[in-house]
Amino acid sequence: MQPHCEDSMPGGRSQGACGLKEASCLHVLPVGYLHHTQPVCYLFINSPPPHYSSKSRSQVPGCRATSVHVCRSPCGRDIVSLVAIAEVRRQGDQRQGDEPRTCQQTHTHTVSAGDHAAAGCRSHSSATLTQSSLHPLPRDVSGPVGCALAMPHPRLRVFSCLMLLLPGHQAFLPNFWSQILTMSWSSHTHQYMTEQALLNVTLATLGAMDRGIAGKDRLGREFWHAVGEVVRANAAMDFLSSTRSDPVYHFDSEHVEEAAAMLREFWAQTLLSVQAKKYQGARQSLGQLFHSLQDFYSHSNWVEMGQRSLYLHLLHPEEPSIPVASEDTPTCTDCYTSSCRNNILSQLTEREHTSLLTTGYFSTQPKKPPGKCSHGGILDSSRHHGAQGGINKDSTSPFFSPHHYLHEEAAQLATAATRAVLLDLREAVGASSFLRLFGVGQQPALVFVMDTTGSMFEEITAARLRTLSIIRARAKGQQQPSTFILVPFHDPGVGPVYETDDPEQFMRHMESLLALGGGDEPEMCLSAVLLALTHTPPLSEVFVFTDASPKDAHLYDAVEALMREKQCKVSFLLTEDLSPVVWRREIRRVRQALSPERFSLYYKLSSVSGGLTIATTNSDIQKASAIVQDNISAGKVTLLHVDSDSVSASFHSFHVDHAVKSVTVHLAGVLKSSILTSPTGRTQFLLEQQRPLAHLEISHGLYRISLLPPIEQGTWRLHAETDGHITIQVIGDSSVDFLYYFAVLANGTHPGLARVQGTPVAGVPTFLVLSIIGLSPDDKVSISHVTLVGSRGESLLVVPLNSSSSSSSSSEELVGRIDSMPREPFSLRLTGRDGRGNRLERVSTEMIQPTHVQIQVLSMPPLIPGETAMVRFDLWNHGPARQFTLTAEDDHGFLLQKGPRRLSAGEGGRVRGEVLLKTPNASEAGEGVTLTLSARALDTPDSNYAVVRLNVIVLDQDATPPTCLAIQAKASCTADCSHGRWTSSLMVVDRGRAGLAALQVSEGRGNLTILQEGGQSEGGDNNDRAEPRVGHGQTKLDVPAGVRGRPLKVSYTSSCCFPRAELLVWDRARNMKRCHLSASQQGAIMESISAARRTEITLCVMLLSILWPILM
């Protein structure tokens, strides 16, 4: 019996079929609108949303369905909804004699914006099979219906339709948002596989060591921050311009051996970084390793070969290997549908043949030889060339993954391989170092930056006594700081950095400090802070003791950049006696009046980072240093942080929930009067009373208020009358906190959310991604929104978050969309409710300053002793035409060019720049270098930054030869070959660490020319400029030093009488590659096509690919 179809629309509108040919056995999933003030378009492709039950996911056995929904004109014109039947075919388990099922409906529904609102702001169009158990779309669409992108935000745009504008991807989906953009809800992403492997191995390690950490809710924010760094380094491989289209980073185009060599380099770098305790660098290389390793199982035919174990040879060259199909060996047959089965040639997969490995070719670079497999997917242009189709298993969507039915098997192997790497890493470095790499059980670091000039005796004594107090208080438990760091400074000396894990050694070092020397009043304070930040773990607080203003104010931008990048706080304890008779610095006989503004940079840095600047005295420095002990204990969360310059009364509030165990209030400034009010209305005049709500300790410049137990839950209010600037900081003890970052939609070759480098750009749509940490499995918390809070505590914008009705996961990511990033500086206040309905709030203390300039790093080359490396970047100007000052700083002194330089960029344009670093011969492998780039507009306050971590490697570890990627071939050959010429362009890349060295034509009679990328400014196009050329039989052509570490474009031109050529390419480790050229090579689509034109082509290709099987 054949099923029949029922179609329905709200209001009884039914258009019926549109005359299309019948397709066998289909079910068009519901498509509808959720309308607030703007329409939201929903699209379900192949997989229903995650809240559907397993029963409701079922379809007619052996069937699958696809649909597409196109939204247009959200600004008052007609909104056109098209549900198109792309193709519906039997799955591979169809039995002989099964009765074919036919059912086909197509609806075209046009609703005006006015009608849409009048009809209750939602519309559904569906065709259902009466024999199917599929449930219709829930009628209640007031919440997140169908997919997580349905956030209850009144200005949400048409998210689902964005997938029509995205180019194809060539890897497992990068992160959770990719599932939404591709509508493949059940796909395993790089993010999910990496997080699960890290969590499982970490908990197993803790269990074996009996650390007493029972579950993931006890791991702490340091762990989840470290996991986030690995995940983002993984995802960045899909977003960075230098890696996203490179087949070696993704195991594409049969570059298996080159990609395996790259994996081993990432592994070696990770080990070296861990051994050198450069944990951020280790997490970066580990994330890169995971990405490529995971891609192997999706992009190769390993799963199709029937393999259910890991390919150990990838990271262990001594293990048996499987040969890779040669360039002239066909690997696939044509496949003309989106779902490709049995399209890999049997001799590659069947056991009776000698197995061969292959991976799919993506796009046009490099050119796919005839008969080779494509990566596949609806936007992979190579799938149209024989063999047509594709083999990737990146997702569960047939639109993007022709082998989608093997996605689960590939993801399981990729996850197992990720776990195996972590187990090997734990074995190689030891369990303790492994846990430290991921911040497990680590207490906040104790970091001092200490002025050691002659007037600092009291400050050094106070820091010494405070350190001793901390060490003694924690001696009986395992709560000592994870590391102790001290950076001394005076004039002109800075450092050296003293770092140890041993509290007794640190105490002895503190006791050896002497206050000596001095001179003029300014000192090298910011140099010392910058040095401390390079050694400080993320999420730490740096405490600076000084009585002098900064002599090195030019380093302010670099300090702010690194402080923001690591999300570290910086607090200053300033001591000075301003008496006109008694001078604190006794060695100075003559001293002119000093400006009270000379400490303004300190106040600015502490305000931006969420720290404090306390102006105290010699006699009170010991009491004021209590903020050190208050802030470095684990589990500290911020409930309020506000700066106020008002001399009048100010009113502030903070919320205490059941998860907060103790509360301390710091007021830095001069307080005239203050009243504290509890949630039940009880009050205390703080300057006159010591009870009943709080205990007050007063030192010069600091008021320290401790709430007395039992602490009332609810909203507390603080009224303060001040004399000048005051900073109010409220901290508490709680495991519940949040981490966050800003991201933008990545419209490159991979759909997903890419983390914003530096601070976000004002006026553009931006996503806010948050992770809630510290929730136990029993906690039922609903997080509703985030408020952007101005510097004085005012609310700037409320950002709704996608639903989190039961946030039992300690790493659940919530997403909010900011339609237009505000220009004013702000911090974040997270708001939700616990399982009892009580309010829950947490605050991020750092101030975000949106800007109209952005730095995008394009390359991160390895640093080779004795060699020069080039870091390229683009400076994007989102404002009017103007000039910028660019400053580069590194923590090792490798930069060749010191001091600022000018860059000009047109309105809405960009300018390309580069910085050079020379690595000394004595540098050791594994050494990490932190490079900070800062840009500041000359006529406006706009500024931004980028932080790059580079690693020193050694050449003798490089055994990887260069590779050649064909780009384009042009020929004008006729019967008379002497009158024709042909040209072949290719990209030469060194995958190893050495860098390109030289090229030579070994066969052929043409000329080889290096084409070096020209300058780019004000949004203009790239221009290639020709470098010296070489012909057959001539000496080698040396590669210019400035481009050895990046891809090199070369062009070969010859007479048609010599249609073939061979090019030899060497790297600096003397590895050699033979590259074969011919006049018949097909060219690639050139990058000169504008971005807008590419989008139009992409959209047309996608829609034609969907509708072609229907119309034929």
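This is a predicted model: local features need pLDDT of at least 70, side-chain atom pairs count only at pLDDT 80 or more; totals for chains, interfaces and linings use all residues.

Residues are numbered from 1 along each chain as its sequence is written, and side-chain values use heavy atoms, with hydrogens and water left out.

**Exercise 1.** Work out what the disulfide of Cys-332 and Cys-373 ties together.

*Solution.* Start with the sulfurs: they sit 1.9 Å apart, and a disulfide is a pair of cysteine sulfur atoms within 2.5 Å. Next, the S-S torsion is about 90°, so this one is right-handed. Now place the ends: Cys-332 is in the loop between helix H7 (279-299) and helix H8 (346-349), and Cys-373 in the loop between H8 and helix H9 (407-429), so parts 41 residues apart in sequence get tied together. Helices (H or I, at least four residues) and strands (E, at least two) are DSSP runs, numbered from the N terminus.

**Exercise 2.** Find which strands the Cys-964 and Cys-1075 link joins.

*Solution.* The S to S distance is 1.6 Å. Cys-964 belongs to strand E37 (residues 962-971) and Cys-1075 to strand E45 (residues 1072-1078), 111 residues apart.

**Exercise 3.** Decide whether Cys-977 is buried or partly exposed.

*Solution.* Recall the cut-offs: buried is under 20% relative accessible area, exposed over 50%, partly exposed in between (1.4 Å probe, protein chains only). Cys-977 has 28%, so call it partly exposed. Its disulfide partner is Cys-1057, also partly exposed at 29%.
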